[in-house]
Amino acid sequence: MEKLVDEYLSYLRDMKQVSDNTFSSYRRDLRKLVQYLEEQNILDITKVGNQTIQEYLDYLKKSNYAIATVTRNFIAVRSFFRFLYSNGYIETNPSEWIQLPKVKSNPNIVLNKEEMEALLKQPAGMSFKGLRDRAMLLLLYDTKILISELVNLKVGELDFDHDRIVCKDEEKGRYYPFHLQTREALKEHIRYAELGEHDWLFPNRYGKPMSRQGFWKIVKNYAKEAGIEKEITLYSIKQGEV
């Protein structure tokens, strides 16, 4: 069964040319499926039926995975079985008539003043990670910048003469002003990390730009350390009170 997963992953990478993040996500989710099937002693892919997949989704829900995570897993599973059906590995597609679980969105969850202050205080210490993460969280809260823009900022896009970010593309520029506290945190981070104008502002430990997943992992870890039980979203931070 793992050989079929590997063949499908090769198809995603070589033929569909999906992004690295998408490839990693599908690989992780399908490995989880294979592990579940093996635990159920289902070793032949042709023995997987509609009920098997429904039971797998129920298993994920009972394991306290968020509905959004269950949905993401099912999308990977459904795509995998469509590939198997199209290539003649199975005679029927057992995932075809299963409905996606509905995602309950909570867009209006906002951190109160105490929670927001606790979150911003978590990155501490004179270390690369501590200074980077503090500057990153302050900049996000202060400017309301998109995560995709935040993680891809370069040092040269900071305009300290006017205390703002200057994001430019081929058509137009976008400006995000920030305040003194954020300015000082950014300068301290840049100075400590010895970053140059063309360096990524918030690099990972390999000097590459941080991924969105990497960013949210950091934020959720800090939220946990701060004792925040709410599900953190971009809205939660942007509209948080300080």
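Q: How do helix 5 and helix 6 pack, in terms of angle and axis distance?
A: This is a predicted model, and in it helix 5 (residues 113-121) and helix 6 (residues 128-143) pack at an angle of about 145 degrees. Their axes are 9 Å apart.

Q: Why quote those two values?
A: Because the angle between the axes and the distance between them are how two packed helices are described.

Q: Which residues make the contact between helix 5 and helix 6?
A: From helix 5, M116, L119 and L120. Helix 6 brings R134, L137, L138 and Y141.

Q: OK, switching to helix 1. How many residues does helix 1 have, and how far does it reach?
A: Helix 1 runs over residues 2-16, so to speak a stretch of 15 residues. From its first C-alpha to its last it reaches 20 Å, close to the 21 Å expected at 1.5 Å a residue.

Q: Which residues of helix 1 are buried?
A: The buried ones are L4, V5, Y8, L9 and L12.

Q: Where do they sit when seen down the axis of helix 1?
A: They fall within an arc of 140 degrees, so they line one face of the helix.

Q: Why would residues with that sort of spacing point the same way?
A: An α-helix has 3.6 residues a turn, so residues three or four places apart point the same way.

Q: What do the buried residues of helix 1 pack against?
A: Two partners: helix 2 (20-39) and helix 4.

Q: And which residues are exposed on the other side of helix 1?
A: K3 and M15 are exposed there. For K3, the relative accessible area is 73%.

Q: How far is K3 from S86, in sequence and in space?
A: K3 and S86 are 83 residues apart in sequence. In space they are 17 Å apart, C-alpha to C-alpha.

Q: What follows helix 1?
A: Q17 does, and its phi is positive, near 55 degrees.

Q: New topic: how many salt bridges does the structure hold?
A: It holds 9 salt bridges. One of them joins the side chains of R13 and D14, at 3.3 Å from N to O.

Q: What about E96, which residue does its side chain meet in a salt bridge?
A: R82, at 3.7 Å from N to O. That pair links distant parts of the chain, 14 residues apart: E96 is in the loop between helix 4 (67-86) and helix 5, while R82 is in helix 4.

Q: How accessible are E96 and R82?
A: E96 is partly exposed, with a relative accessible area of 34%. R82 is partly exposed as well, at 38% relative accessibility.

Q: And D133, what does it form a salt bridge with?
A: With R132, the closest N and O atoms being 2.8 Å apart.

Q: Which network are R132 and D133 part of?
A: Salt bridges that share partners join K129, R132 and D133 into one network.

Q: Are D133 and R132 buried or exposed?
A: D133 counts as buried, at 0% relative accessibility. R132 counts as buried at 6%.

Notes
Residues numbered from 1 in each chain as written. Predicted model: local features only at pLDDT ≥ 70, side-chain atom pairs only at ≥ 80, totals over all residues. Heavy atoms only, no water. Axes fitted to C-alpha atoms, helices over the stretch in contact; angles between N-to-C directions. Helix = DSSP H or I, 4+ residues; strand = E, 2+ residues; numbered from the N terminus. Contact = heavy atoms within 4.5 Å. Salt bridge = Lys/Arg side-chain N within 4 Å of Asp/Glu carboxyl O. Buried < 20%, exposed > 50% of the residue type's maximum accessible area, 1.4 Å probe, protein only. Expected span 1.5 Å × (residues − 1). Arc of directions from axis to C-beta.
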